Structures are given as C-alpha cells and as structure tokens.
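Subject: Structure handover and findings

Hello,

Please open it alongside the notes below.

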Amino acid sequence: MTSWSSRLEALLAREDRVIVGITGSPGAGKTALARQVASSIDDAVHVPMDGFHLADAELRRLGRLDRKGAIDTFDAYGYLALLQRIRRGGEAVYAPAFDRDIEQPVAGSICVEPTARLIVTEGNYLLDDDEPWPLVRRTLDEVWFVDCAPDERRRRLIARHVEFGKSPERAQAWVRAIDEPNAERIDRGRGRADLVI
C-alpha cells in the first residue's frame with residue numbers, strides 16, 4: 001500500500017466528503033497522480049485547476065498571454081468559489097475542464113454529484129501564500145506535493161510543449177522563461193504540504 005493510499009483511507013474513514021489537493025511544479029506528474037488517486041475509489045471525481053485558466057482572448061487583453069500558466073493567468077477566486085460549493089455539498093456542481101488540444105478551458109465539463117465522496121483537485125498554486133490561495137487551502141482536507149527530479153520535469157515539459165505545437169526551440173525557451181520561474185514559486189510551498197510524494 002502506498003503512503004498516499006493509506007492516508008486517503010484514513011481520511012475517508014473520518015469524513016463523509018474528502019477533498020484532496022495535489023500540487024507541484026509544472027511537469028512533476030500532478031495530473032497522473034490525481035487520476036490514479038481518483039480511480040482508486042468508485043465515487044471519486046477529478047477536478048483540475050487548469051479549467052480556471054483565463055481564456056487566451058482575456059490573457060491577450062491583459063497582456064499576459066506570453067506567460068500563460070503564471071499565477072495571475074488563472075481565475076483564482078472562481079476556483080475558490082467552486083471548491084467552496086463542492087465543500088458545502090447538497091447539489092450537483094459543474095466544473096470546467098481544460099482541453100489540451102485547443103489549450104482552452106471548457107465550462108461545465110465535470111459534474112460533481114452530491115454523492116461523490118472523494119474530490120481530487122490538482123494545480124500549481126494550492127500552497128501559495130498570496131490571496132486567495134490560503135483560502136483555497138482551507139477548503140481542502142489535505143494537500144500533497146508531487147516532487148520530481150528537475151531534469152526529468154524539464155524533459156517532460158519540453159515534450160509536452162512540442163506535442164501541443166511548439167517547435168523544440170520554442171518549447172525549451174518557454175520552459176526556461178515561464179515554467180521554471182513558476183516552479184521556483186511553487187517549490188516554496190513544499191514545506192506546507194501534508195505529504196510529499
């Protein structure tokens with residue numbers, strides 16, 4: 001039994017509804033772990049923070065399109081409101097997903113039924129200390145930090161950017177200029193995680 005599975009078992013034994021956040025730097029493997037955790041029980045839903053990326057048209061208007069993925073390129077208060085609704089329970093809640101083929105959020109894609117016992121959410125900034133992220137943290141039962149060797153993480157990121165249309169040179173430049181500064185910020189929250197994986 002993995003360390004996360006025993007923690008999850010203990011959480012589910014104590015609470016009717018559990019919300020686990022999974023964080024870590026870009027390319028660390030958050031989404032893969034979130035899917036694995038969500039698939040470990042029948043009444044679980046995976047709700048990624050990526051659905052709260054601002055649309056490219058809005059990022060362009062704000063002059064932030066060239067830094068997509070930075071902390072101020074998400075609708076953080078919208079994400080907080082969604083988590084608060086999920087926490088309250090009692091009704092179906094629809095969450096946005098993020099479509100990697102079009103690199104855009106898609107509203108109303110994920111249904112969290114009132115009967116869902118486990119919600120697994122994942123995103124970069126769950127342990128950040130700028131508002132509203134401490135409020136986001138308070139809606140979560142636990143936050144797990146996914147660690148990954150920096151060279152492997154960068155390799156994965158470059159491959160992902162190339163897969164979704166960037167040239168290898170542009171992918172490497174994006175990782176250096178955008179993903180790495182974001183990773184440094186995210187890593188500062190590691191000590192606040194309930195579990196490091």
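This is a predicted model: local features need pLDDT of at least 70, side-chain atom pairs count only at pLDDT 80 or more; totals for chains, interfaces and linings use all residues.

An unreviewed UniProt entry carries the annotation "domain: Phosphoribulokinase/uridine kinase" for residues 19-195. In the model, that span is 40% helix and 20% strand. Its end C-alpha atoms lie 14 Å apart.

Strand 5. This strand runs over residues 118-122. Is it buried or exposed? Five of its five residues are buried, so strand 5 is largely enclosed by the rest of the structure. L118, V120 and E122 point one way, while I119 and T121 point the other way.

Strand 5 has two pairings to check. Strand 1 (residues 18-23) pairs with strand 5 in the parallel sense, over five bridges. Strand 2 also runs parallel to strand 5, and five bridges join them.

Nonpolar cores. The largest core has 30 residues. Which of them touch the most other members? They are V47, Y79, V112, L126, W133 and V136. Two or more residues each come from strand 2 (44-48), helix 4 (76-88), strand 3 (93-99), strand 4 (104-112), helix 5 (133-139) and strand 6 (142-145). Helix 4 gives the largest share, six residues.

Y79 deserves a look on screen. Beyond its neighbours within four places in sequence, Y79 is in contact with M49, F52, T121, L126, W133 and V136. L126, W133 and V136 are, like Y79, among the core residues that touch the most other members.

A second, separate core holds 19 residues, including I22, L33, A38 and L118. Two of these names came up earlier. As background, nonpolar side chains in soluble globular proteins tend to be buried together.

Surface. A177 lies in helix 7 (residues 168-187). Why is A177 classed as exposed? Its relative accessible area is 54%, and the class applies because that value is over 50%. For scale, the C-alpha atoms of A177 and I86 are separated by 35 Å. The two residues are 91 residues apart along the chain.

Best wishes

Conventions
Residues are numbered from 1 along each chain as its sequence is written. Side-chain values use heavy atoms; hydrogens and water are left out. A nonpolar core is a set of buried Ala, Val, Leu, Ile, Met, Phe, Trp, Tyr and Cys residues joined through side-chain atoms within 4.5 Å. Buried means under 20% relative accessible area, exposed over 50%, partly exposed in between (1.4 Å probe, protein chains only). Helices (H or I, at least four residues) and strands (E, at least two) are DSSP runs, numbered from the N terminus. Contact means heavy atoms within 4.5 Å. UniProt positions are given in the numbering used here, feature names are shortened, and annotations may be inferred rather than shown by experiment. Two strands pair if DSSP finds at least two bridges between them.
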